[in-house]
Amino acid sequence: MSTLSRRAFLSLPLVAALASCRRAGAPLSNAEFSVASRSAVGLFAAPAYDADFADVIGRGLAEIGIDVGGKSVLLKPNMVEYEPGEAINTHPAVVAGAAVALRRAGAREVRVGEGPGHRRDVEYLLTATGLFDYLRDEGISFVDLNHDDVREVPLASWFTGMRSLALPVSVLSADLVVSMPKLKAHHWAGLTCGMKNLFGTVPGAVYGWPKNILHFHGIDASILDLTATIRPGLTIVDAVVGMDGDGPIMGNPHPLGFVAMGTDVPAVDATCARVVGIDPAKVPYLEAASHFLGNTSAARIRQVGEPVERFRSDFALIERMRGIRLE
Amino acid sequence: MQNRDERRQRLLDAVGADGGWPYYAGQAGRIEPTAWALVALVGIGLDERTRDRALAFLSGLRREAGLLVDPGAPGANFAWNGLALLALRQIPHASARELAGQLASALTAVRGAALEPDHTIRQDNSLRAWSWTPGTFSWVEPTAYCLLALKKQPDRSPDVAARIAEADRLLIDRACRPAGWNYGNGAVLDQDLRPYVPTTALALLALQDRRREPVVAAGLDWLAANAVTERSAMALGLAAICLTVFGRSADNPVAALSASEGLTGFLGNTHLRAMALFSLTLSEHDARAFRI
């Protein structure tokens, strides 16, 4: 475990460059940031959406060694838009499977919460994606994060220059927030995975759609501030079918056949990046995160489940993102 | 399936102890569901006590510059202020008129941030209308609500007229090709963005006095053809309101809305229930709240 002082943090070139674009002063609050010496990330085979995800994710929970006993858990899937046949959203079978697995592992309460960042019509998205039926069948309640009660909280890092954000009470009060992204290329950020998925926790009823305040303050900076503040304790990635090209909405489905899991969200994101041929060190928010939020170096990631090579399949990248390709 | 009186009573029962309506039971009152509840109930009969409590709730949310700010929120959401202005204009009461006057002045004074020219986005970035929140860019929904509310103003000062003219141009500029409206841009990175039912309906309502504009005619045809493709209270309700205002048949979205109520219960969301009540009682009030 290593702990980073703000002075040491600012001596890092990329982070300092990011910070210098923002208001003067250190980009970190007084919150304690520490990075484990090594982080476990699991890749588990799931060839298609008819897999038994409760079993897959249940095995994953055991292998990465997380204790959810007695905890109230909020699952935060990525549900942003609906197009038939497209790979835009976390598949409802994965979400429901995770809920069942966490209940079996002893979680006191499991709820699913999302604040769609693009379309605000959550009733339409829930029914069109099929998530409404899965949740009803499993008796899982849904929290509309766009319209939840909110509380303004200080941000734990200040890359955006913002010092606080109003966040949903359901996110702030959960014992464990689980980021459940769809693995996708992103035309502005390079990759959308566990960290970027947290945009959906920002309440649209306060900030509007598509959470314009985050884009206005910089996507990379916003990803860092949200992750530093919310600190998801577990990430479960739907990489059964990802999206490459012009993601996160208008790209193409890209079959990958696995679920990724881990408690260190930058480590999970970096591992997924390597699987799809993206160099985490070239994704600005991942590189910055490696200095205070988690591990992104392969040498500091303990791989469990299947090796990266088993699922390795390069994403097609749009022209402006070709520089992040893993060499 | 509920009838009209049951829906009305359910909405009345959802009012909070603070006099406003929350999005979901047990939460604090918020501007958007309160405004929609007022719009829906005024159309079919609102009792004085409920009205006065709601007006007191909204008045209590006034912050700097006369704008309303939701409980817990750091600043104003201009879309909900525009919607609140629409609701207040339906209420023949002195305190509603006073609050509406303040809101109209405040909304006339705020505008979306300026954008630099950007070749990756096909639009006129010099145009500015209303953003969701202070200091960000103009988007279709907040522009539509604020524009419609200002167009309903009986007397237009030169400032208001100028804001209306620029917002009209912005909505026309942001239309998708070949028709309808997305949330903001019509295209990004050379990709045309698809239109949606709720945003198209809102943009058309705001442009109902510009029916000869080609994008309005095309958008209306698109909406009529796609009115029931998105099954939700928001999409079906706004489609029904818009088609009614434009003199088109709203039978299909109204029937679909009634049917979808039994499927999802509108997620128990008060503002969706209020939208549905308003849309399912169009024959009683003819969508007066949304007509210029």
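Me: In which loop does B:Phe266 lie, and is B:Phe266 buried or exposed?
Reply: This is a predicted model, in which local features need pLDDT of at least 70, side-chain atom pairs count only at pLDDT 80 or more, and totals for chains, interfaces and linings use all residues. Residues are numbered from 1 along each chain as its sequence is written, with chains lettered from A and ligands numbered from 1 in the order in which they are written. B:Phe266 lies in the loop between α11 and α12 of chain B, where helices (H or I, at least four residues) and strands (E, at least two) are DSSP runs numbered from the N terminus. Because B:Phe266 has 21 C-beta neighbours inside 10 Å, and a residue is buried if 20 or more other C-beta atoms lie within 10 Å of its own, exposed if 12 or fewer and partly exposed in between, with C-beta atoms placed from the backbone, B:Phe266 counts as buried.

Me: What is the phi of B:Phe266?
Reply: Just after α11(B), B:Gly265 takes a positive phi of about 60°. B:Phe266 also has a positive value, although B:Phe266 is a residue other than glycine, and its phi is near 55°.

Me: Which residues of α11(B) are buried?
Reply: Helix α11 of chain B covers residues 251-264, and what covers its buried residues includes α10 (233-245) and α12 (270-280) of chain B. The buried residues of α11(B) are B:Pro253, B:Val254, B:Ala256, B:Leu257 and B:Ser260.

Me: Does A:Arg231 count as buried, exposed or partly exposed, and why?
Reply: A:Arg231 lies in the loop between α10 (219-230) and β12 of chain A, and has a positive phi of about 50° although it is not a glycine. Because A:Arg231 has 14 C-beta neighbours inside 10 Å, it counts as partly exposed.

Me: What is the omega of the cis peptide bond that joins A:Gly247 and A:Pro248?
Reply: A cis peptide bond joins A:Trp209 and A:Pro210, with omega about 0°, and A:Pro210 is found in the loop between α8 and α9 of chain A. A:Pro248 has its place in the loop between β12 (234-244) and β13 (252-262) of chain A. For the cis peptide bond that joins A:Gly247 and A:Pro248, omega is about 15°.

Me: How many residues of chain B are in contact with chain A?
Reply: Two residues are in contact if their C-beta atoms, placed from the backbone, lie within 7 Å. On the side of chain A, 27 residues are in contact with chain B, and the number of chain B residues that they meet is 36.

Definitions and conventions. The expected span of a helix is 1.5 Å times one less than its number of residues.
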